[in-house]
Structures are given as C-alpha cells and as structure tokens.
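Hello,

Here is the structure I promised to pass on.

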Amino acid sequence: YLTALGYLGLEDLNRDQDEEAVEVTREALRIENPLITPENSGKEIAADRVIAGTYLTVALADLGRDEEARRAGEETLSVATRYLAQHPQSGPILSTTIVLLGDGLNDVAANELDAAEDIRFTMQDVQMAHTLVGIEPKNFIYHFDLGGAYRSLGSALWQAGRLREAIGNLRHAEESLGEAASGFAAALGHLVDGAGETASWQAKLGDFSGTAATVTAAAAYLSPRVLSDSGPVGQAAAAAFDAARAYAAATVAYEHGDLATAQRVAHAAVAQLNAHRTNGEVTFAMNDMECDLSDLEARAEYALGDFEGAARAESLALNGCKAIAGANVSDQRTVAGIVTWLAMALARQGKQAEAAQTIAPVVTMYLGLEKRNHGDQWLPLEFAEALYAQSLADPQHRAALLRQASGLVDHLIPAIAKLHDTREWRARIEAAQRGANGEAGR
C-alpha cells in the first residue's frame, strides 16, 4: 500500500497534479514516519519513505511552497543517507535520491536564489548519478540521470557567475545525454535542449569555436539510425535540433553585430518549426526553441529599429515560453526577460500606457527577488533591464529609474560585466541618462 501511494504521487506529478501528489505522499508519510528509526533505516520501509518524501518535495517545490519543500527534502535526504550507508548500491534509492536532489532540493535553492546551496545539492546529484553509472555502465536511463545532473550543476554554476565551469559541466551533460539517446528516446529532447542552451551561452562568452563544437558533437549523437529507431519522438527531435543549430548560428551573428543575419536565420527557423507543428509534433524542446529563437529575432529587430516586428516576435516567444514554464522562479525570470523586451518595443512605438502595464509586474517581481537574493549574480542585470524598460514607459520617473539601473550594472561581478551583451546594456542606459533621443548601439 505504501509503495503504491508513493508511485501514485509520481503519476500525479507526471499529470501536473501537484496538489494531489502532496495529498497522497503525505498520507504515505503519515503511516511511514512512526516506523522509521535509525535501527531499521536499512529495511524496505525506508525505501518507501524515500520515494514518498521525494515526490512530496518535488510537488511542494513545483507549487512554490519552498519552506515546506526544504523541510520535507532534508528529512527525506537524511533517511536516504542512512539507507545508502547500509545499501550503497541500491539502484532504486539512488535513482530516487537523484530526483530528490535535482528536482526537489535543487529547485528550492534556485527559488530561494541561494547559489551556494544550489551548487551543493547539484554536486551531490552528480556524485550519486556517477555511482549509478558505475554500477550499470550500459544502463541508458542511468546515463540520462547523469546528464540531467550535470545540466543542473551547470545551470547552478552559471547563476553563481562561474561561467567557464558552467560550460564545462554542460558539455559533460551533452556527453551523458548523447550516450543515453542511443537507447532511451526520452533523452533526445533533453540532448537537443541542452545543446542549444550550451551553444548560446558559449556564444555569449565569445567562444564561437566552442559553439560550433557543441553543435557538431550533438549532431554526432543524433544519427539517422537513432532518430529513425525513436519513431515520432525522433522526428520531433530532428526538427528541434535543426532549430537549435539555427539558434546557435543566429546567436553568433548577433554577438558579432550582424543583426540582419541574426534576424533572418531566427525568423526562418521559427517558420520551419511551425511547419512541423502542423503535423502535431509538439515537444518541450520545440517549444523551448520557439521561445529562444523568437526572442532572439525580436532583439535583432529592436536593434534594427523595427519595433513593431520586435513586439510581434516577442509575443510569439512569450507563447512558446509560457507553454513550458512552471511556477518556479527560474522559469518566471525567463518569462520576465521576454516581457521586458516586449515592453521596450511597445514603448518605442509610442504605446507608453500598454508598455507601463506590461512591465509593472516584472519590476514588482524583481523588487521582491532582490530583497532575498543570496548569490545569484545575474539577477541585478535582469532587474536593471526591467528598470530601463520601465523608464521608457514612465517619463516622469525616468531619471530615478535609470539611476537605479545604472547602479545595479555598476556592481556586477567582472565575469558578467565584461560580456558583450552587458556592455551593450551599459551603453544603452548611459545614453538614456544623457538624455539622448534613442539609444546607443543596440
């Protein structure tokens, strides 16, 4: 009965029924907790306790109930640690604990903007995933778990401003997901999504040869045989990878200042994705690529002075992004970045009232996040961007908003401050402060 309750919680999560998952896993814990003692932590009841506690933690994190999720997760991790001390090669418990760390406690730390905790949990996640692969080197699902753990660690390091380390871990993720993709179709979308993310981050760092290497490596894993064997999933993955390849090329063009090429490549890739959607091939990776490509297209159009086109593209990006976004802080920040550029495009069309209404909730969100930031190094830049957008829509408070935005940019860590995009934002804010009619550069 307890085992069934735990896995019913998992099924509820898979159906996005988080409240139901909380209910059934808490019922399991109500029965299990009195039976768990240090003396019997190696018995089967402890395994059921770890399963129920893990899915409770994930459900609470999904719902944004971070304090409850942290408490449930830490209690569950304690039980799992005692269990693994007696059964160090327990595949089911290692797999479940990987979920606990990577989808539960990791999400809580990210929601709380606690960079150090985020890195700590994801490093444990990687270690446990390596243990699983060591037990069964040919198990595709274990390689998939390892790839997911590396991606989580890469994201945590990126948010902490440790950019080069982040890229290294994302390349490890690509290797593990590529290994998994040859026998586990579900890994294909994650491989494509991760390759697109890694390549774009490398381009932002100016590592254009690294961008090309990431795309080439992913292409080697996505062989015609693998895609064919995966059926409809493989077809959707192939379409998403074509988009990811285009996204990498468009990002490189954008970072080089070739705005027309960036706009053209991104626009064509979105059109190609939409052609596949007419066949019903909709996957997470395809939605993610539409979000990223349309956002990049909009930024290029904005810099070229096509503000109406920029607003139209950002609206498409918003649709793709919201289709995959959860309630967690990370996803909401991604949405906020798109809304920021949408508000800028609206304001530059003279639609100040609509722009003000669009950007106001974003600024409010960042005001709240700023007060509880514990080491997320990108948050100040994102907040500065939102303040700049608000300044375009609010002439009465423009000077104060720009002053606040400038102060945030002035205090960025060197690794972020020296990036091309960051320098563009500094120039944009400074030009506005000088009272220029328009903006400097992009």
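A word on conventions first. This is a predicted model, in which local features need pLDDT of at least 70 and side-chain atom pairs count only at pLDDT 80 or more, while totals for chains, interfaces and linings use all residues. Residues are numbered from 1 along each chain as its sequence is written, and side-chain values use heavy atoms, with hydrogens and water left out.

Let me start with the helix pairs. Two packed helices are described by the angle between their axes and the distance between the axes. Helix H1 covers residues 2-14 and helix H2 residues 18-32 (helices are DSSP runs of H or I with at least four residues, and strands are E runs of at least two, numbered from the N terminus). H1 and H2 pack at about 160°, with their axes 8 Å apart (axes are lines fitted to C-alpha atoms, for helices over the stretch in contact, and angles run from 0 to 180 degrees between N-to-C directions). H1 and H2 are therefore roughly antiparallel (over 145 degrees; under 35 is roughly parallel, 65 to 115 roughly perpendicular and the rest oblique). The crossing of H1 and H2 is left-handed (the near helix is turned anticlockwise from the far one by less than a right angle; clockwise would be right-handed). Among the residues that meet are Leu5, Leu8 and Leu13 from H1, and Ala21, Val24 and Ile31 from H2 (contact means heavy atoms within 4.5 Å).

In the loop between H1 and H2 sits aspartate 16. Aspartate 16 has a positive phi of about 60° although it is not a glycine. Most residues other than glycine have a negative phi. Is aspartate 16 buried or exposed? Aspartate 16 is exposed, at 64% relative accessible area (buried is under 20%, exposed over 50% and partly exposed in between, with a 1.4 Å probe and protein chains only).

H5 and H6 also pack at about 160°, with axes 9 Å apart, and are therefore roughly antiparallel. H5 passes H6 in a left-handed crossing. Their meeting residues include Leu94, Ile98, Leu101 and Leu105 in H5, and Phe121, Met128 and Leu132 in H6. The loop between H5 and H6 holds leucine 113, a residue other than glycine with a positive phi near 55°. Leucine 113 is buried, with a relative accessible area of 2%.

Asparagine 111 belongs to H5, which covers residues 91-111, and is buried at 2% relative accessible area. What does its side chain reach at 2.8 Å? The side chain of asparagine 111 reaches the backbone nitrogen of valine 329. Leaving aside residues up to four places away in sequence, asparagine 111 touches Ala61, Asp66, Asn328, Val329, Ser330 and Arg372.

Threonine 198 is in helix H9, residues 187-204, and is buried, with a relative accessible area of 2%. Beyond residues up to four places away in sequence, threonine 198 touches Ile167, Leu170, Arg171 and Thr214. Threonine 198 and alanine 220 are 22 residues apart in sequence and 16 Å apart in space, C-alpha to C-alpha.

Lastly, helix H12 (residues 231-255) has 25 residues and spans 36 Å from first C-alpha to last, close to the 36 Å expected at 1.5 Å a residue (1.5 Å times one less than its number of residues). Glycine 257, with a positive phi near 85°, follows H12.

Best wishes

Definitions and conventions. A polar contact is a pair of N or O atoms within 3.5 Å; within protein, one must be able to donate a hydrogen and the other to accept it, and residues adjacent in sequence count only if both atoms are side-chain atoms.
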